[in-house]
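Subject: Structure handover

Hello,

Please find the structure below, followed by notes on what was found in it.

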Amino acid sequence: MKRRLVLKQLTAASLLALAGWAPAAMAADTIKVGILHSLSGTMAISETSLKDVALMAIEEINAQGGVLGKQLEPVVVDPASNWPLFAEKARQLLAQDKVSVVFGCWTSVSRKSVLPVFKELNGLLFYPVQYEGEELEKNVFYTGAAPNQQAIPAVEYLMSEDGGGAKRFVLLGTDYVYPRTTNKILRAFLHSKGVKDEDIQEVYTPFGHSDYQTIVADIKRFATGGRTAVVSTINGDSNVPFYKELGNAGLKATDVPVVAFSVGEEELRGVDTKPLVGHLAAWNYFQSIKNPVNVAFIDKWRAYAKARNLPNAGTAVTNDPMEATYIGIHMWKQAVEKAGTTEVDSVIGAMGGQTFEAPDGFTVQMDQTNHHLHKPVYIGEIKADGQFNVVWKSKGPIRAQPWSPYIPGNEGKQGL
C-alpha cells in the first residue's frame, strides 16, 4: 500500500511538473541571473571582461552560501554588438530563461534598445557603464557614472591650470546617443564658462571606424588657434586605431591632451602606450588605486582569470566598468536578502541606501531616490605600462545628477 501511494504521489508530481507547475517545496534550487554583454563584434573589446567579472562575482557569492540559501545560476547570452539583438536577448532572458535580474549593456544605444522590454516584463537591469544621463527608469539601477561624476569634472580639470588651461575643445565621439548627448551637455557647460562655439569642434565617426588620419590632422590644425584639448567619447575597438594615429602623428599630451571617457586599462592592452603617456582618462576607479580592498579585488580577478585560462590571463587587468559590475551584483544580493525575495518590486524597494565597500577606496551608496550610485571621481594620466597615474580626485563620493542642470527644463528632475 505504501509503495503504491508513493508511486501515485510521484506520478502526480511528474504530471504537475509537465504542466509547468510545482509546489514551493519542489521549486528550482537555483536563482537564475542574466548576463547580457557583447562577446563578439565591435564592443567585445570592452564587454567581454564584464561578463567574466560577473561570473567571478557569482562564483564568489555561491562559495559563501549563495542568496537566500540558493546558488546563483548564470545565464550568458551574446547580443554581438547588434542593438536590436540586445532587445531580443533581453526578452529571452526574462520571458524564457526566467532570470531574476540582468547585468549588462555597455553602449547607451543597447540600453535604450532593451528598456521597453524591461518595462513591459517588469525585469530588473543593472547597467555598469558611464553614460549621458537624461534618463531615470524604475527598472534600471545605474552603477556607472552620470555626467557630473565624469564628463563635467574632466572638462573642468582640462580648463584648470593643473590640466593645461585649455581654451578650445574638440568633442570627438562615436556616432550614437551617448557621445551626442554628453557633448550637448558639455557644449552647454562650456558656454556657461564663456567658451564660444567657434572654439568648439564636434566630430563623430561610426562604430568600428578605423581611419583617423584625416581627423587627427584636423585636430592639429584646430589646435593652432589656441590651447586645445580633445574630449573623446569614442567607444569600442575604434579606440585602437585612434590612439595609434595619435602616436603616428606625434600628437603628444603636452601639445593637445586627450581625455577619454571610454578608455581604460582593458582597451589600452591593444595599443602601444608609450606615445600616449600623459593623455588622460576620467573614471570612478583605476586599477592603480592603492588600498586593501582594491588589492584583494585585483588578486581575486587575476586568480580567476588564471584558473579559467582566460585570454591574456597573464596580464589580466581591472577597470572601472568591471568594478561597477562587481558592486552591482553584490548590492543586488544585499537587497534580495533584505527583501527576503527576488521579486522585482520588492528588490527595487530594498536597493535604496544599500552600501558597499568598493575597490575605489570609498564606501559607495545607492541613492534613495534616483537609482544611481554616489561615486568618487578620478582623473588619470596614461603611463607607459598601460596603467594610470591619478592626477586629480574628488574629496569623496559625488551624488549623481541624472538630469543635467545645464540642459533647460531639467530643474528639479533628480528622482523617480
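The axes of helix H2 (44-63) and helix H11 (residues 320-339) come within 9 Å and cross at roughly 35 degrees. Axes here are lines fitted to C-alpha atoms, for helices over the stretch in contact, and angles run from 0 to 180 degrees between N-to-C directions. The crossing of H2 and H11 is right-handed (the near helix is turned clockwise from the far one by less than a right angle). On the H2 side, the contact (heavy atoms within 4.5 Å) includes Ser49, Leu50, Val53 and Ala54; on the H11 side, Met322, Tyr326 and Ile329 are among them. By class, this contact has ten nonpolar, three polar and two charged residues. Ala, Val, Leu, Ile, Met, Phe, Trp, Tyr, Cys and Pro count as nonpolar, Asp, Glu, Lys and Arg as charged, and the others, Gly among them, as polar.

The model is predicted: local features need pLDDT of at least 70 and side-chain atom pairs pLDDT 80 or more, while totals for chains, interfaces and linings use all residues. Residues are numbered from 1 along each chain as its sequence is written, and side-chain values use heavy atoms, with hydrogens and water left out. Helices (H or I, at least four residues) and strands (E, at least two) are DSSP runs numbered from the N terminus.

H11 also lies across S1, S2, S3 and S4, at about 165 degrees to S3. These strands belong to an open, parallel sheet of five with the order S2-S1-S3-S4-S5, where pairing requires at least two DSSP bridges between two strands. Its edge strands are S2 (71-77) and S5 (140-142). Neighbouring strands are turned by 25 degrees against each other on average, direction ignored. Helix H4 (residues 108-121) packs on this sheet as well, touching S1, S3, S4 and S5. S1 (residues 30-36) and S2 are joined by seven bridges, and Ile31 stands opposite Leu72 in S2.

A further open sheet has three antiparallel strands in the order S11-S12-S13. S11 (355-357) and S13 (373-374) are at the edges with a single partner strand each, so one side of each has no neighbour in the sheet.

The largest pocket has a volume of about 230 Å³. A pocket is an open set of points on a 1 Å grid over the protein atoms alone, where a 1.4 Å probe fits, with protein on both sides within 12 Å along at least five of seven lines; lining residues have an atom within 4 Å of a point. Its volume is the space filled by probe spheres set on the points, which are joined across faces, edges and corners. Of its 15 lining residues, Thr48, Ser49, Glu266, Arg269 and Pro311 are closest to the centre. H2 gives the largest share of the lining, five residues.

Regards
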